Amino acid sequence: DATLGYGGHTQAMLECLQGKGHIYGLDVDAVEQEKTRKRLEALGYGPELLTVRKLNFANIDQVAAEVGTFDFVLADLGVSSMQIDNPDRGFSYKNEGPLDLRLDSEKGISAAERLKDISREELEGMLAENSDEPYAAEISRAVISARRKGTAIDTTTKLRRLVEEALSFLPEGERKEAVKKSCQRTFQALRIDVNSEFEVLEEFLEKLPDILSPGGRAAILTFHSGEDRLVKKSFKRLKKQGVYSEIADEVIRPTAEECNMNSRARSTKMRWAVKA
């Protein structure tokens, strides 16, 4: 499991293994990772079946160099539910908290720091490229205008209010829903930027064939069209080169029943590949 998170996927896979084989779970979030390890150990999945490592999945080749290639690799991209639900991490516009958005809070700069010196053009480009934000120009203007007036955009609430201000020109009947969606996209775009998520994904996709055993399978869950394009392009190119024997012809989406059980699954797309 290249993105351990809460460990739901790992738990399901451990149940399928029925005491055989071994799973490696990778995650950059040291705080949540340890909670997940303890949770799974309490369910009977100790170190003989599960190894948890604090490692970015772009460096998955480091694990393969130590233990050999894998029969199956799963990557569930984006942010985990625990991170979204923790106001101190700043991932949700719904809760007051510091505008951080880092998956690994020990590395890099926060979203608040990123906004301190970003240009209007760069912010507009980020919003458009990372989240297909239709009001990228209006939001970037509002952010830069506030910054010039001396406002520190260092909390989730301050950024949400700037999005609301930027979209105040919309008719009242459609404004609330538009603000909600633009807040989601703005926070997503910033999160992708401060964590270099597209670059990390590209590195992972390049290394993936070399860490899979012959006949080994990979499944990748994406939550954004930019991520899905990268996965689709990589899988198609490598199948053409004969590296993969099979790939998903079409993207796989969650059923209505799955979405009812987990509303956050609604935007998920899955693609898979089989190593030749």
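Predicted model: local features only at pLDDT ≥ 70, side-chain atom pairs only at ≥ 80, totals over all residues.
Is Tyr244 buried or exposed? I started my notebook with that one, and Tyr244 turns out to be buried, with a relative accessible area of 2%.

**Entry 1: the ring next to Tyr244**

I looked for a partner and found Phe235, whose ring centre lies 5.4 Å from that of Tyr244. The two planes stand at 75°, which is over 60, so I noted the pair as edge-to-face. Phe235 is buried as well, and its relative accessible area is 2%.

**Entry 2: the sheet**

Next I traced the strands. Four of them make an open sheet with mixed pairing, and I wrote down the order as β3-β4-β6-β5. At the edges I found β3 (70-76) and β5 (244-247), each with pairing on one side only. On average, neighbouring strands are turned by 15° against each other, direction ignored.

I then followed β4 (residues 212-222) and β6 (residues 269-275), which pair in the antiparallel sense over six bridges. In that pairing I saw Leu221 opposite Met270 of β6. Helix α11 (residues 225-240) packs on the sheet and touches β4, β5 and β6. I noted about 135° between the direction of α11 and that of β5.

**Entry 3: other rings**

My count of aromatic pairs came to four. Phe169 is partly exposed, at 49% relative accessibility.

I also checked Tyr6 and found Arg39 over the face of its ring, 3.6 Å from the ring centre.

**Entry 4: charged pairs**

Searching the whole structure gave me 19 salt bridges. Where does the bridge between Arg185 and Glu133 reach? Arg185 is in helix α9 and Glu133 in the loop between α6 and α7, so the pair ties together parts 52 residues apart in sequence. The closest N and O atoms of Arg185 and Glu133 are 2.8 Å apart, and Glu133 is buried at 4% relative accessibility.

Arg102 bridges to Asp100, with closest N and O atoms 2.8 Å apart; I found both residues buried. For Lys158 and Asp154 I noted 3.0 Å, N to O. Lys158 is partly exposed at 31%, and Asp154 is partly exposed at 34%.

Technical notes
Residues numbered from 1 in each chain as written. Heavy atoms only, no water. Pairing = 2+ DSSP bridges. Helix = DSSP H or I, 4+ residues; strand = E, 2+ residues; numbered from the N terminus. Axes fitted to C-alpha atoms, helices over the stretch in contact; angles between N-to-C directions. Contact = heavy atoms within 4.5 Å. Phe/Tyr/Trp six-rings, centres within 6.5 Å; stacked < 30°, edge-to-face > 60°. Buried < 20%, exposed > 50% of the residue type's maximum accessible area, 1.4 Å probe, protein only. Lys NZ or Arg CZ within 6 Å of the ring centre and 35° of its normal. Salt bridge = Lys/Arg side-chain N within 4 Å of Asp/Glu carboxyl O.
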